[in-house]
Amino acid sequence: MAVGLPENLFLTKLDAAASWARSNSLWPMPFATACCGIELMATAASRHDMARFGAEVMRFSPRQCDLLIVAGRVVMKMLPVLQRIWLQMPEPKWCISMGACACTGGVFDTYAVVQGVDRFIPVDMYVPGCPPRPEQLLAALIEMQEKIMRTGTLTGREFAGRTKSNGPPPFDLDEVRRSQEAVGVPGLDIYTPPEIQLGNAGKLN
Amino acid sequence: MLDLDSLQERFGNEITESSFRDNRRIVVPSDKVYFVLEQLWREWGFDMLVEMTAADYLEYPGATDRFGVMYVLLNTTTGERVIIKTHLNLPDPELPSVFPLWHSADWLEREIFDMFGIKFEGHPDLRRILMPEEFTAFPLRKDYPLKGRGERHNFPVITRAES
């Protein structure tokens, strides 16, 4: 060692030491409401084995967890529960939004389904897919660890700047546009398949 | 085997019957539906309410009434099934509850109330069953937009800085 430290001793920053410890022992809180939850279970099970990355301790009490994994669609009645679970988790905490439904509402663009949990709780990592494969969730977990190593601080001051929700604002123009775009065309019979005109090029020889 | 004539004899000629494959459907006016169902329960042995549901016939071709409520009954001794159907209209769709006859009507009537806003007089606990208590609309009515009226966005936002 260049500075002449004795063996078994090294210098680091306190922030880096805390981030190193935190990122390698993430305790996930599984908020599994749909088929993404099955993939989440598969990720934790022996074949994909999330324990390899130090995140095997799934706790079903939010007070013992620091990584919320929202797996599946969240409906109006469930959102207050999700927000309460998030508030119950101790600092520092992170959130992975897993799957198309948790990120955007997915195909469930109906009156009861929240169009992305990031509108109402802070989300650190999005996992696309319907549902995502376990490898994708593992990749997100590894990336989450990298993010904690990169930005984490002992006192969690990196969170203080995030004063807005990640998601689109609730009553945005896009929502209005989407609510108006599905209008019926008068006289259009949707049950009759369109006739395909085949020219000479389309003839079978 | 339930025959239509005896029902018509007792409850009048407005009662009609139609069938589709092996489904028998008996249409009853809404003010007589409770008495018809009670008769079916007491005298014809229909001791099980298998299903109870409603439909909104707004803009349905040929429909004259707004709502239809269907009772699917089963006689567990003979295996006979019959569907009793009745029609209702706005502004105040209301039916007598069949909870005293079949207790399975409890949650089924709550669901119909939740989704269509049809009230069931005499129901012991007519609350919403699927939607949250503070929800005001009836989402399966055809004049309610599929994507709602913004209820799904009506929540407080929790930001990272404050939680």
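Helices (H or I, at least four residues) and strands (E, at least two) are DSSP runs, numbered from the N terminus. The model is predicted, so that local features need pLDDT of at least 70 and side-chain atom pairs count only at pLDDT 80 or more, whereas totals for chains, interfaces and linings use all residues. Residues are numbered from 1 along each chain as its sequence is written, and chains are lettered from A and ligands numbered from 1 in the order in which they are written.

Two cis peptide bonds were examined. In chain B, the bond from Leu90(B) to Pro91(B) is cis, with omega near 5 degrees; Pro91(B) belongs to the loop between β5 (81-88) and β6 (94-96). In chain A, Cys130(A) and Pro131(A) are joined by a cis peptide bond with omega of about -15 degrees, and Pro131(A) lies in the loop between β4 (125-127) and α5 (134-151).

Helix α3 (residues 79-88) of chain A buries Leu79(A), Leu82(A) and Trp86(A), a residue being buried if 20 or more other C-beta atoms lie within 10 Å of its own, exposed if 12 or fewer, and partly exposed in between, with C-beta atoms placed from the backbone. Seen down the axis of α3(A), these buried residues fall within an arc of 60 degrees (taken from the directions from the helix axis to the C-beta atoms), so they line one face of the helix. They pack against β1 (28-32) and β2 (67-71) of chain A, with contact defined as C-beta atoms, placed from the backbone, within 7 Å. The exposed residues Val81(A) and Arg84(A) are carried on the face of α3(A) turned away from the buried side.

Definitions and conventions: Contact = placed C-beta atoms within 7 Å.
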